[in-house]
Amino acid sequence: MTPRLKNFINGQWIEPSTGRYGESRNPARNSEIIVEFPLSGREDVDRAVAAAREAYPKWRSLPAPRRGEILFRAAELLRARKEALGQLVTREMGKVLPEGKGDVQEAIDFAYYMAGEGRRLVSEVVPSESPDKDAKSIRVPHGVFALITPWNFPVAIPVWKVFAALICGNTAVLKPSSDSPLCAARLVEILAAAGLPPGVLNLVTGSGPEVGEPLALHPQVDGISFTGSSAVGEALERQAAALHRPIAVEMGGKNAILIMPDADFKLALEGVLWGGFGTAGQRCTAASRVIVHREIHDRFVDELVAAARKMRLGDGLEAQTDVGPVINEGALKKILDYIRIGQEEGAQLRTGGVRKSDGPLADGWFIEPAVFTGVTPQMRIAQEEIFGPVVAVLACDSFEEGVRMVNGTRYGLSSAIFTRDVNLTARAEKELETGLVYINASTIGAEIQLPFGGYKHSGSGHPECGGRMGAIDFYTRIKTVYRDYSGKLQRAQIDV
Ligand code: UN1
């Protein structure tokens, strides 16, 4: 029998008020149901938010190092369960097993990092202009967070949000993607087993309109963090503005790799294959555009096409698989639409872009890795996020033109340049308008100890992850405190 999930509210696994369930299926084998999960409704959201509200005063007054100890135990459990969780990631959302385990490793890294943050949460003390007076800023939590997460990093991204929110003293309700509810439930189990008090983290599964939106806009919620599509993220931003509620959004990308004639050719090729087709192109950091200097363009394209043809499609659990399926039928249709659009726009489809509709892969959502050449900057396939194994190759005549092309979309998450010219790398670092810049590396693979976030329509400017300007800034508010112990009325800025 198919296992059935429940919501997790106030430390209890409980059935949804609606009595309705959806199915999470293996994208490599659509006939395999991984789990049934609640299609919850507003009443479940209300309960979960109420539980988070109630748990908040106690959780925020627990000293941050103590909160960190609980998160540390959760990190240890994640580490102990890495293999099983990695397999589940692959079964539930399709990425190849080394990447499924990598997803969990990214979660482990961040979990330890945030556990340690319990003993930092650094703020500032500065001198006052008056004698016998303290001047400092301290970090305080916001309250209850709505955390809405995608399926493409079904363990890592929930951990990014949950661990950062919790270490700062907030409580939360997590609404995971309906394509990866079991991964989220396994994470919640781990936090419960680590000793997280009831109500501090609650899980409610279901659709965006029925759960995500009422949760984000709930009157008792104090902040929102969302990772997902631009359409949903931008709508949430507008609604959050009306409520005057802090919101962090991480949305789409149209990331590009710029390849100069002096680049390490083989390395650049590997970078394109990894960034373009890793996770079947389903990362917001995926390299969906490759801008190659005309001097090496034709040779590069020939080798890229040959290498893409050799990539083996298959179930991500099988060791020989290079590229797994895309997430679901809707995604498959959208990607195939873009393949058609690219051809209608006059780009040349040099390989792939076809669904595997016969043999053992016909039961899954498999598309052969696609390479388009002859792409020009204004084509839709060079401007819009496809979120699939499709690489659009453009040619440029100079570094300047290449940078203009990289920057010439509404997005600004990640970019990369391959060159051996150190001066050019310094210019690229300045001129590329993206939140992440890679030099002689692909557009994917950010590490958790630095901020992760996009410019322009890719994000709200509140990055996730670590570093001095990372997630902690979003999950805390600053309170500035002056303490005058002079016993006199000291008037700032007033001449005596
Ligand atoms: C995402 O695609 O939403 O930098 C996150 C990377 C990963 C995170 C990707 N560490 O590709």
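How far is a nitrogen atom of the ligand from an N or O atom in the side chain of E106? The distance is 2.8 Å.

First, the ground rules. This is a predicted model, where local features need pLDDT of at least 70, side-chain atom pairs count only at pLDDT 80 or more, and totals for chains, interfaces and linings use all residues. Residues are numbered from 1 along each chain as its sequence is written, and side-chain values use heavy atoms, with hydrogens and water left out.

Now the domains. The protein chain splits into domain 1 (7–251 + 459–481) and domain 2 (255–439), with bounds from an automatic or database domain assignment. Their C-alpha centres are 31 Å apart. On the domain 1 side, 23 residues are in contact with 25 residues of domain 2, contact being heavy atoms within 4.5 Å. Between the two domains about 2,000 Å² is buried, and carbon and sulfur atoms give 56% of that. Buried area here is the accessible area (1.4 Å probe) that two parts lose on being put together, summed over both. In domain 1, the residues that lose the most area to domain 2 are P27, E99 and W151, together 24% of what that side buries.

There are three salt bridges between the domains, each a side-chain nitrogen of Lys or Arg within 4 Å of a carboxyl oxygen of Asp or Glu. R29 forms a salt bridge with D315, and the closest N and O atoms are 3.2 Å apart.

Back to the ligand. Which residues surround it? They are E106, N152, F153, I157, W160, R283, C284, T285, I444, G445, A446 and F452, where a residue counts as near if one of its heavy atoms lies within 4 Å.

Conventions
Polar contact = N/O pair within 3.5 Å; in protein donor to acceptor, adjacent residues only side chain to side chain.
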